[in-house]
Amino acid sequence: MSNSQVHFSDMQSTFISNYMEMEEPVQEKEEQLNWCQRTFGPLKKGGIRMSIISLLAPCLGVGMLGLPYRAKEQGLIIELLLIALCGIISCVSMHILSWSAGDLQCSSYSELIQTSLGNKMKRGFEILTICQCLLGITQIQISFQLFIYELFRYFEITVDQRELAIITQLIFIIPNLLISFQKTLYKLRYFSLVGVISVIYITSLTSLDYFARGSYNDDIKIKLVDVDFNIFTTFAMTFFCYLCHLFIFPIRKELHNPTISRQSKIWKRQCFICFIVYSLICVSGYLRFGDDTQPWVIYNYHGDLFFVGKLGMSLALFFAVPLNILACRQIIHDMLLSDEMEYQLQHRNLRIQAQDGKITFEVDSVDSFRSKIHIYSTLVLQFGSAILALILPNINRYITLLGGLLGTSMVCLIPVLIYLKEYRDKLNYFIVILEILGVVFGWIGAVYGQF
């Protein structure tokens, strides 16, 4: 085939790859470093450590602060088992997505779904995921407002919570917006690191507080096992803590030498770190306060050290908004850029040059269109979530429903459908059962949690 004969699918894939927000992975050979240098050295682009931190940042949030309360409802042993089960399902899904993306040569979740499951499934996924991301960012904004209110209470400053929420949005939305315009995970690496450090600080503090001081009174009652129909809702809320799978594709794109083994290290280590952090805060928080455990266990703690922890969590939530906007914006880019690409090809406005086996594109209108998508989608997500956070402060009920339904669909249902189609000749039925279990438990929990 000559250089000028290019199929539409190949041209579209090449074009979108060239015009994606993320830069090409660095192909330089890694230096041989000792453990201390690898662990505490600068975060280098395309490194495993930077990738793990980028994947941890959206997981280590306020959701984990509710795990001790889930142990209070279902029993400590049941909640620890659910934390482990959700971690295993999440890790398996990550591997399925990375395997299939590599085998099918797809650079985004939308492209993977289109290649494997078809156009209709891709479009439905994009619309539902954008809705879920918008609600998720709104929930982060609401949580940020609540933590700011807690900081004011620490200084015994009397302020109306509603007025404080409005002032908080007005003060912080502009700096948050400037950060949200960043295009890669690498440029957000230190913002992600702040969130991870804050969560590790809170986890360490709660663990040391329990092991040093024990239960806060002698009459505390501990529930180990209490299985009822609420276990499905508990599963959905626990599983929500592991949702970060939209970040797999930006990480694969930026990862240096993205072999299957290097990717597997990232997925396994991220899930293992989440399991350790979640288990520690669940055990120490619940054993410390028992039946008096609040929905967010951080509200049970007081003092200067925990004030620092609450301040750190506020920063983690502040920086979580740009991270989630980046993931959602990629879905919007995939949806709108592919449509514009097809339109330009049909109207012959796309100029293709082939020289020395290299294909280049000259599309002034599409390039301009791409820049507009980046700007407008960032503005809509930032200001839209801020407005929703002010007019829908009790959005938790909808988050539970849509988060449970869409979260398990995105993390379990779609990966298992891709797995069944692309790897039907070498299926592992344990993987299939795990993924289907996640879908069933998540959907039941999301619906039952509304009653």
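Q: How far is the sulfur of C133 from the closest cysteine sulfur, and in which residue does that sulfur lie?

A: A disulfide is a covalent bond between the sulfur atoms of two cysteines. In this predicted model, the closest cysteine sulfur to that of C133 belongs to C328, at 4.2 Å, which is too far for a bond. The cut-off applied is 2.5 Å. C133 itself is buried, its relative accessible area being 12%.

Q: How many disulfides does a search of the whole structure find?

A: The search of the whole structure finds zero disulfides. C86, for instance, takes part in none, and the nearest cysteine sulfur, that of C241, is 8.3 Å away. C86 is also buried, with a relative accessible area of 0%.

Q: Why is helix α3 described as largely enclosed by the rest of the structure?

A: Burial is counted residue by residue, with under 20% relative accessible area as the limit. Helix α3 spans residues 48-56, and eight of its nine residues are buried, so the rest of the structure largely encloses it. Among the buried residues are I48, M50, I52 and L56. Their cover includes α5 (76-104), α9 (189-213), α11 (248-254) and α12 (260-289).

Q: How are α5 and α12 oriented to each other, roughly parallel or roughly antiparallel?

A: An angle over 145 degrees counts as roughly antiparallel. α5 and α12 pack at about 165°, with their axes 10 Å apart; they are therefore roughly antiparallel. The crossing of α5 past α12 is right-handed. By class, their contact has 16 nonpolar, eight polar and two charged residues.

Notes. Residues are numbered from 1 along each chain as its sequence is written. This is a predicted model: local features need pLDDT of at least 70, side-chain atom pairs count only at pLDDT 80 or more; totals for chains, interfaces and linings use all residues. Side-chain values use heavy atoms; hydrogens and water are left out. Buried means under 20% relative accessible area, exposed over 50%, partly exposed in between (1.4 Å probe, protein chains only). Helices (H or I, at least four residues) and strands (E, at least two) are DSSP runs, numbered from the N terminus. Contact means heavy atoms within 4.5 Å. Axes are lines fitted to C-alpha atoms, for helices over the stretch in contact, and angles run from 0 to 180 degrees between N-to-C directions. Angles under 35 degrees count as roughly parallel, over 145 as roughly antiparallel, 65 to 115 as roughly perpendicular and the rest as oblique. A crossing is left-handed if the near helix is turned anticlockwise from the far one by less than a right angle, and right-handed if clockwise. Ala, Val, Leu, Ile, Met, Phe, Trp, Tyr, Cys and Pro count as nonpolar, Asp, Glu, Lys and Arg as charged, and the others, Gly among them, as polar.
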